[in-house]
Amino acid sequence: MMFNDMGFDMVAPNPLRDKILEKAKKTTIAQFKIKDDIIYQEEMFTFKKSYVILDMFKDFAIGCCLPKDVDVDPIIIPLPHLPEKAMEAIIRWCRHHRDEPDMTRDQLTHNLYQCTGEIKDPWDLALCESLDEETLFDVLLATKYLCIPEMRDTLSTYIAQCMVAAEEEEKRQVKEKDQIALEKRRAARLEREAAEKVAAENAAAEKATAETAMIEDNS
């Protein structure tokens, strides 16, 4: 079985996790204190794809056993190393995917060890393309320690595609430079051959002129 750091089996049926999700799905609000002490407030159910945040939710004792009419203070979850741009990207992704079913055990096991090779959701691709390189890697790191495997897989796939594209572009540029150098060498050779031909023709003409002049002098 695959467990996250806090103890949930990440993919097996879990009654406690289901209850926590039901509780989170109602009105529970969480606050996230990120880098530079910036506070973000969001519905806890938004983060159902993050097993670590669900465990934090459990450990902060909001849980499943509180009566509906009991008011509780918002949960404050510390994420001191997470930059603001990365947090915004994670929230956007979690909001977009929060109503989707979780991946199966086979899907999750597959995606933990290799990229799927393509990003099927155009929205996900647009999100990845909107992030600068620094933010992209900040988000990727966050998806690992927050245990958001589906988003991690999307980002890893995108980065792999970018690396392949960059390598192909580098090869294209090298090939283009080689082609330009080849054309320059060919042009230089043709120019040299043309110059040598002109020089030979001039030399032949001068020789013929000299020979004619010599014949005329002798006569």
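Trainee: Which pattern does the protein follow, read along the sequence?
Mentor: Along the sequence it goes α-β-β-α-β-α-α-α-α-α, and the secondary structure comes to 7 helices and 3 strands. Helices (H or I, at least four residues) and strands (E, at least two) are DSSP runs, numbered from the N terminus. This is a predicted model, where local features need pLDDT of at least 70, side-chain atom pairs count only at pLDDT 80 or more, and totals for chains, interfaces and linings use all residues. Residues are numbered from 1 along each chain as its sequence is written, and side-chain values use heavy atoms, with hydrogens and water left out.

Trainee: What's the mean pLDDT of the protein?
Mentor: The mean is 77, and 70% of the residues reach 70 or more. pLDDT is the predictor's confidence in each residue, from 0 to 100.

Trainee: And which element has the lowest mean, which the highest?
Mentor: Helix α4 (residues 105-113) has the lowest mean pLDDT, 58, while α3 has the highest, 93. Over residues 1-11 the pLDDT is below 50, yet that stretch has 39 contacts in the model beyond near neighbours in sequence. A contact means heavy atoms within 4.5 Å. Residues 61-68 are also below 50, with 16 such contacts.

Trainee: Okay, α3 then. How far apart are its end C-alpha atoms?
Mentor: They are 20 Å apart, which agrees with the 20 Å that its 14 residues should span at 1.5 Å a residue. The expected span is 1.5 Å times one less than the number of residues.

Trainee: Which residues are buried in α3?
Mentor: Ala86, Met87, Ala89, Ile90, Ile91, Trp93, Cys94 and His97. Buried means under 20% relative accessible area, exposed over 50%, and partly exposed in between (1.4 Å probe, protein chains only). An α-helix has 3.6 residues a turn, so residues three or four places apart point the same way.

Trainee: A histidine in that list! Why does His97 count as buried?
Mentor: Because its relative accessibility is 4%. Leaving aside neighbours within four places in sequence, His97 is in contact with Lys49, Asp121, Trp123 and Asp124.

Trainee: On to the largest nonpolar core. Which residues touch the most other members?
Mentor: Phe32, Met87 and Ile90, out of 35 residues in that core. The elements giving two or more residues to this core are β1 (29-33), α2 (51-59), α3 (84-97), α5 (122-130), α6 (133-145) and α7 (149-218), and α3 gives the largest share, 7 residues. A nonpolar core is a set of buried Ala, Val, Leu, Ile, Met, Phe, Trp, Tyr and Cys residues joined through side-chain atoms within 4.5 Å.

Trainee: What does Met87 touch?
Mentor: Not counting residues up to four places away in sequence, Met87 touches Phe32, Ile34, Tyr40, Phe47, Leu79 and Leu82.

Trainee: New topic: how many disulfides does the count come to?
Mentor: The count is 0, taking a disulfide as a pair of cysteine sulfur atoms within 2.5 Å. Cys94 is buried at 0% relative accessible area, and Cys147 is buried at 12%.

Trainee: Where is Cys147 found?
Mentor: In the loop between α6 and α7. Cys147 has a positive phi of about 55° although it is not a glycine. Asp36 also has a positive phi, near 65°.

Trainee: Is Asp36 buried or exposed?
Mentor: Exposed, at 64% relative accessible area. Asp36 is in the loop between β1 and β2 (39-43).

Trainee: Last one: what percentage of the 219 residues count as buried?
Mentor: 35%. Among contacts with a separation of 6 or more, 71% are between residues 24 or more positions apart.
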